[in-house]
Amino acid sequence: KGERLAEFVDSKINFSHQQQILRQPVAFFDSLVIARKTVTKIMAFDVGRDSTIYYFSYFNDAGKSVFKLDSKYTFVSNFSNGMAAIVYLHGKLGFINKQGEISIEPQFEFEIPKYGLQDKDIPKFIGGFAYIPSARGYIDMKGQRYYSD
């Protein structure tokens, strides 16, 4: 209808994650939108680790934060079939539900290329299954593996 759904007034949140990393327009997926808050660490002895930390939040169409994820997650995706991919600090991929609870423990290898991701590279549930490249097969919404040839 072209009506404004919500107004986000917190200037510390940034909605560019969907555009820059996920290469999708800023939009609601399964009724939620991702926001990212960037915090730069300043530590003299933080050798070998990026000094930027991300905190992710998911907002509903009323502009209210539904849940937040702390800095141990380096990547999150949009929701699809009620699940979103998350990547734990050490490169392990898992999935969360729409309440922010882990549904499938981070266990699959996942690397974000320096040139960014294509939409097809982001594991997502379609019809109850998600293709996991590092597992060379599919998983269901309980994490059960189904291998393909």
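Q: How many aromatic pairs does the structure hold?

A: This is a predicted model, and the structure holds eight aromatic pairs. A pair of aromatic rings is described by the distance of the centres and the angle of the planes. Take Y58 and F79: their ring centres are 5.0 Å apart and their planes stand at 70 degrees, so this pair is edge-to-face.

Q: Which parts of the chain does the pair of Y58 and F79 tie together?

A: Y58 belongs to strand β2 (residues 52-59), whereas F79 sits in the loop between β4 (73-76) and β5 (84-88), so the pair ties together parts that are 21 residues apart in sequence. The relative accessible area of Y58 is 1%, and Y58 is therefore buried. F79, at 4%, is buried as well.

Q: Which aromatic pair do F67 and F79 form: stacked or edge-to-face?

A: F67 and F79 form an edge-to-face pair, with 6.4 Å from centre to centre and 85 degrees between the planes. This pair links distant parts of the chain, with F67 in strand β3 (residues 65-69) and F79 in the loop between β4 and β5, twelve residues apart. Both F67 and F79 are buried. Y58, F67 and F79 form one aromatic cluster.

Q: Which residues have the most contacts inside the largest nonpolar core?

A: In soluble globular proteins, nonpolar side chains tend to be buried together. Here the largest nonpolar core has 29 residues, and those with the most contacts inside it are Y58, L69, L93, F95, I96, I132 and I139. At least two residues of this core come from each of β2, β3, β4, β5, β6 (92-96), β7 (102-109) and β8. With four residues, β5 gives the most to this core. Another core, of five residues, lies apart from it and includes I13, F15, V33 and F59.

Q: In what order do the four strands of the open sheet stand?

A: Strands of a sheet pair through backbone hydrogen bonds, either parallel or antiparallel. In this model, four strands form an open sheet in the order β4-β5-β6-β7, with antiparallel pairing. β4 and β7 each have a single partner strand, so one side of each is left without a neighbour in the sheet. From one strand to the next, the twist averages 25 degrees.

Q: How many bridges join β6 to β7?

A: Four bridges join these antiparallel strands, β6 and β7. K92 stands opposite E109 in β7. The hairpin of β6 and β7 has five residues between the strands, and G100 in this hairpin takes a positive phi near 85 degrees. β5 and β6 also pair in the antiparallel sense, over four bridges, and A84 has I96 in β6 as its bridge partner.

Q: Which strands stand at the edges of the sheet of three strands?

A: The order of this open sheet is β8-β9-β10, and its pairing is antiparallel. β8 (129-132) and β10 (145-147) are the edge strands, each with a single partner strand, so one side of each lacks a neighbour in the sheet. The twist averages 30 degrees from one strand to the next. Over four bridges, β8 pairs in the antiparallel sense with strand β9 (residues 137-140); in β9, D140 is the bridge partner of F129.

Q: Is Q24 buried or exposed?

A: The cut-off matters here: buried means under 20% relative accessible area. Q24 has 18% relative accessibility and therefore counts as buried. Q24 lies in the loop between α1 (16-20) and β1 (33-40). Its side chain makes a polar contact of 2.4 Å with the side chain of N78, and the side chain of Q24 makes another, of 3.0 Å, with that of D119. Not counting residues up to four places away in sequence, Q24 touches Q18, Q19, F29, N78 and D119.

Q: What does the side chain of H17 reach at 2.8 Å?

A: The side chain of H17 reaches the backbone oxygen of V76 at that distance, 2.8 Å. H17 is in helix α1 and is buried, with a relative accessible area of 2%. Leaving aside neighbours within four places in sequence, H17 is in contact with L22, I34, R36, F56, F75 and V76. H17 and F75 are 58 residues apart along the chain, and their C-alpha atoms are separated by 9.3 Å.

Key. Residues numbered from 1 in each chain as written. Predicted model: local features only at pLDDT ≥ 70, side-chain atom pairs only at ≥ 80, totals over all residues. Heavy atoms only, no water. Pairing = 2+ DSSP bridges. Axes fitted to C-alpha atoms, helices over the stretch in contact; angles between N-to-C directions. Phe/Tyr/Trp six-rings, centres within 6.5 Å; stacked < 30°, edge-to-face > 60°. Buried < 20%, exposed > 50% of the residue type's maximum accessible area, 1.4 Å probe, protein only. Core = buried A, V, L, I, M, F, W, Y, C linked by side-chain atoms within 4.5 Å. Polar contact = N/O pair within 3.5 Å; in protein donor to acceptor, adjacent residues only side chain to side chain. Contact = heavy atoms within 4.5 Å.
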